[in-house]
Amino acid sequence: MSTFRILLAEDHPVFRMGMSALIRSHAGWEICGEAADGRESVNQCLQLRPDLLILDISMPSLNGLDAARQILKRNPDQKILILTDVESEQVIHDCLEAGVRGWILKSDAPDELTAAIEQLQQNRSSFSPRVSNLILYGYLKPHSANSIMGRPARLSVREREIVQLVSEGKTSREMAQLLGVTVKTAESHRNNIMLKLELHSTVELVMYAIRNQIVDVQLPTIMPPVPQREITLASAASFGD
């Protein structure tokens, strides 16, 4: 029996380490490579030709959806299992449309991940129950004006790349280097996107990226420290009472 080769694409080192250990513990499976961002995922997948790519959606440099699109465009037979905490009806729909045939959530039990890999190894599709419900919900109301499933994508793959890079704070020169184009071309792409989306500032473009889950933004859960001056004033006021 031949070894089932898996490429693991996940930007959080600790989670990636745990995933790698789980996969290596299964007889007949091996990790043939690891990637920490979407662009690296595309390059490694095309070079290593793994039997399966396990891919997160919220990835820096290039998000998982657009990475999957690029990979499947060049190799439609590539098996991809999305492993993420993203539960967006639109993103699921776009991934299915691109050719992804497996999706589970990071909150699912380890044995569900193992079962999903086994299903894809046998050339079957595999979706966690919550994801299956989202797919069914979108299928049952495809003509609804408010259905996210019915909304066409407004940007090309290259334009989505530009939006993500701008949202991550990349300069025109840095974008040009990453995309292999001239600075003028990068700036032209950005200007065309602003016109197409009828946006007037970088802030609006970043908000568009967040709303459409082109980038993932984690809000801080720790309150910022109170300035010492405010503590002093508050203490003085309490003594005055």
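Me: How are α8 and α9 oriented to each other?
Reply: This is a predicted model. The axes of helix α8 (residues 172-179) and α9 come within 8 Å and cross at roughly 105°. Angles from 65 to 115 degrees count as roughly perpendicular. So α8 and α9 are roughly perpendicular.

Me: Which residues of α8 and α9 make the contact?
Reply: Contact means heavy atoms within 4.5 Å. On the α9 side, V183, A186 and E187 take part. On the α8 side, the residues are S172, R173, M175 and A176.

Me: How do the residues of the contact of α8 with α9 divide by class?
Reply: Charged residues number two in the contact of α8 with α9, and polar ones number one. The nonpolar residues number four.

Me: How is α9 oriented to α10?
Reply: Helix α9 spans residues 183-197 and helix α10 spans residues 202-211. Their axes come within 11 Å and cross at roughly 75°. That angle makes α9 and α10 roughly perpendicular.

Me: Which residues of α9 and α10 make the contact, and what are their classes?
Reply: From α9 come R190, I193, M194 and L197. From α10 come T202, L205 and Y208. By class, the contact of α9 with α10 has five nonpolar, one polar and one charged residues.

Me: At what angle do α7 and α10 pack, and what is the handedness of the crossing?
Reply: Helix α7 (residues 157-167) and α10 have axes 9 Å apart, at an angle of about 115°. The two helices are therefore roughly perpendicular. The crossing of α7 and α10 is left-handed.

Me: Which residues make the contact of α7 with α10, and how many are charged?
Reply: α7 gives V163, V166 and S167. α10 gives T202, L205, V206, Y208 and A209. By class, six are nonpolar and two are polar. The count of charged residues in the contact of α7 with α10 is no charged.

Me: How many aromatic pairs does a search of the whole structure find?
Reply: Ring centres must lie within 6.5 Å to pair. The search covers the whole structure. The number of aromatic pairs is zero.

Me: Over which ring does the charged end of K106 sit?
Reply: The charged end of K106 is 4.7 Å from the ring centre. The cut-off is within 6 Å. The ring is that of F15.

Conventions
Residues numbered from 1 in each chain as written. Predicted model: local features only at pLDDT ≥ 70, side-chain atom pairs only at ≥ 80, totals over all residues. Heavy atoms only, no water. Axes fitted to C-alpha atoms, helices over the stretch in contact; angles between N-to-C directions. Helix = DSSP H or I, 4+ residues; strand = E, 2+ residues; numbered from the N terminus. Parallel < 35°, antiparallel > 145°, perpendicular 65-115°, else oblique. Nonpolar A, V, L, I, M, F, W, Y, C, P; charged D, E, K, R; others polar. Left-handed = near helix turned anticlockwise from the far one by under 90°. Phe/Tyr/Trp six-rings, centres within 6.5 Å; stacked < 30°, edge-to-face > 60°. Lys NZ or Arg CZ within 6 Å of the ring centre and 35° of its normal.
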